[in-house]
Amino acid sequence: MGFPDRIERTVEIAHPPAKVWAALTTAEGLGTWFGNQASIDLRPGGDAEMKWDEGHKANMRVERVEEPEIFGFTWNIYGLPDDDPRRTYVEFTLEPVGAGTRLTVVETGFSQLPDETHRVAFEGNTKGWAAELGELIEYLDAV
């Protein structure tokens, strides 16, 4: 494998795991901090979708639900057509730390892509996770 396959980010959040879990696994939460509108069938094999006002959408498949510790899904890869069957896997792990939560997000599956597609997807999602986790914290602080 010549390309990095894994993006990993960990943040400390000053909110309890139950509140973070709700932000990650409900249509209201996802549709506020991550997208502009969302739907989710929270069970392994369930479908989820996020839409942004700019016209972009992400189709997701729920893969893992272990409340309130692990939530995982696969989704289409940035830069590929919506009908491309390749996906990456995203997993959120929540760990109680005092009154707050240590949240780790890991996205894997980039090594299946050719050079230029890999660069675009990996760099885009690396920047994207840094921004989105900041938006998650802002959302949690506001609710």
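Trainee: Why is the contact between Glu 12 and Arg 102 called a salt bridge?

Mentor: In this predicted model, the side chains of Glu 12 and Arg 102 come to 2.7 Å, N to O. The cut-off is 4 Å between a side-chain nitrogen of Lys or Arg and a carboxyl oxygen of Asp or Glu, so the pair counts as a salt bridge.

Trainee: What makes this pair a link between distant parts of the chain?

Mentor: Glu 12 belongs to strand β1 (residues 6-13) and Arg 102 to strand β7 (residues 100-108), 90 residues apart.

Trainee: Why is Glu 12 called partly exposed?

Mentor: Its relative accessible area is 47%. Buried means under 20% and exposed over 50%, so a value in between is partly exposed. Arg 102, at 28%, is therefore partly exposed as well.

Trainee: How do you know that Glu 95 belongs to one network with Glu 12 and Arg 102?

Mentor: Glu 95 forms a salt bridge with Arg 102, with 3.3 Å between the closest N and O atoms. Salt bridges that share partners join Glu 12, Glu 95 and Arg 102 into that network. Glu 95 has 38% relative accessibility, so Glu 95 too is partly exposed.

Trainee: Why does the pair Glu 66 and Arg 64 count as a salt bridge?

Mentor: Their side chains meet at 2.8 Å, N to O, which is within 4 Å, so the pair qualifies. The whole structure has 12 salt bridges.

Trainee: Which element gives the most to the lining of the largest pocket?

Mentor: That is α3, with seven residues. The lining has 17 residues, and among the closest to the pocket centre are Trp 52 and His 56.

Notes: Residues are numbered from 1 along each chain as its sequence is written. This is a predicted model: local features need pLDDT of at least 70, side-chain atom pairs count only at pLDDT 80 or more; totals for chains, interfaces and linings use all residues. Side-chain values use heavy atoms; hydrogens and water are left out. On a 1 Å grid over the protein atoms alone, a cavity is a set of points where a 1.4 Å probe fits but cannot get out, and a pocket is an open set with protein on both sides within 12 Å along at least five of seven lines; lining residues have an atom within 4 Å of a point. Helices (H or I, at least four residues) and strands (E, at least two) are DSSP runs, numbered from the N terminus. Buried means under 20% relative accessible area, exposed over 50%, partly exposed in between (1.4 Å probe, protein chains only).
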